[in-house]
Amino acid sequence: MVDAERPDSHGADYKIPRNFKHLRFLKSPGMGPIDVLLHLLSFAAPAFALAALLVLAGPLLLRRSRPLVAWWVQLALNSAVGVAVLALGLWHFGVDGKMATYAALVFAVAATQWAGSGGWRT
């Protein structure tokens, strides 16, 4: 067992004070700029995938409505809302990947897609 208080310990976060454990990735000697970029892209991947899926499926699901904005604007708005929801979930829970965050992601991006495609007019 590794003890974080002992000086000869090889614990992963022994130099990070307890108040700053959420900044652990900044002190990691093994993460370069490419690794940070890959981690950020992996964090945002569910938002990007859901945004693309809803933009592609929107015309099939809401046949009677005409979109208010172009598909690429809908994709950008859905992605931005999705990443914001994921960031709020990370801030609120302190960890990534909570099911409540993913449920909020689906609801928020679906509401954005519905509003952007003029779904209330059908």
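**First stop: valine 109**

Select valine 109: leaving out residues up to four places away in sequence, valine 109 touches Leu50, Ala51, Leu54, Asn78, Val81 and Gly82, where contact means heavy atoms within 4.5 Å. The model is a predicted one, in which local features need pLDDT of at least 70 and side-chain atom pairs count only at pLDDT 80 or more, while totals for chains, interfaces and linings use all residues. Residues are numbered from 1 along each chain as its sequence is written, and side-chain values use heavy atoms, with hydrogens and water left out.

Valine 109 belongs to helix α3. Helices (H or I, at least four residues) and strands (E, at least two) are DSSP runs, numbered from the N terminus. Is valine 109 buried or exposed? Valine 109 counts as buried because its relative accessibility is 0%; buried means under 20% relative accessible area, exposed over 50%, and partly exposed in between (1.4 Å probe, protein chains only).

**The whole chain**

Now show the complete protein as a cartoon. The protein has 3 helices and 0 strands, and from the N terminus on its elements run α-α-α. It comprises 122 residues, of which 25% count as buried. Among contacts between residues at least 6 apart in sequence, 63% join residues at least 24 apart.

Next, display the surface. The protein exposes about 9000 Å², and carbon and sulfur atoms supply 69% of that area. Accessible areas come from the Shrake-Rupley method with a 1.4 Å probe; for residues, only the protein chains shown count as cover.

**Helix α1**

Select residues 33-61, which form helix α1. This helix has 29 residues and reaches 41 Å from its first C-alpha to its last, close to the 42 Å expected at 1.5 Å a residue. The expected span is 1.5 Å times one less than the number of residues.

Where does α1 have a kink? Centre the view on alanine 44, where a kink of about 45° lies shortly before proline 46. The bend at a residue is the angle between axes fitted to the seven residues ending there and the seven starting there.

Colour the buried residues of α1: Phe43, Ala44, Ala47, Leu50, Ala51, Leu54, Val55 and Gly58. They pack against α2 and α3, the latter spanning 99-116.

From this group, select phenylalanine 43, which counts as buried at 16% relative accessibility. Apart from residues up to four places away in sequence, phenylalanine 43 touches Leu86, Ala87, Leu90 and Asp96. Phenylalanine 43 and leucine 86 are 43 residues apart along the chain, yet their C-alpha atoms are separated by 8.0 Å.

Then select Ile34, Leu37, Leu38, Leu41 and Phe48, which make a nonpolar surface patch of about 490 Å². Patches are made of residues with over 30% relative accessible area and no salt bridge, like charges being joined within 9 Å and nonpolar side chains (Val, Leu, Ile, Met, Phe, Trp, Tyr) within 5 Å. A salt bridge is a side-chain nitrogen of Lys or Arg within 4 Å of a carboxyl oxygen of Asp or Glu.

**Helix α2**

Move on to residues 71-93, helix α2. This helix has 23 residues and reaches 33 Å from its first C-alpha to its last, close to the 33 Å expected at 1.5 Å a residue. Its buried residues are Gln74, Asn78, Ser79, Gly82, Val85, Leu86 and Gly89, and they pack against α1 and α3. After α2 comes glycine 94, whose phi is positive, near 85°.

Select serine 79, which counts as buried at 10% relative accessibility. Neighbours within four places in sequence aside, serine 79 is in contact with Ala47, Phe48 and Ala51. The C-alpha atoms of serine 79 and valine 109, the residue of the first stop, are 7.8 Å apart in space, although 30 residues apart in sequence.

Now select glutamine 74, which is buried, with a relative accessible area of 6%. Its contacts, neighbours within four places in sequence aside, are Val55, Pro67, Val69, Gln113, Gly116 and Ser117.

**Last stop: alanine 115**

Finally, select alanine 115 in helix α3. Alanine 115 is partly exposed, with a relative accessible area of 34%. Leaving aside neighbours within four places in sequence, alanine 115 is in contact with Leu68 and Trp120.
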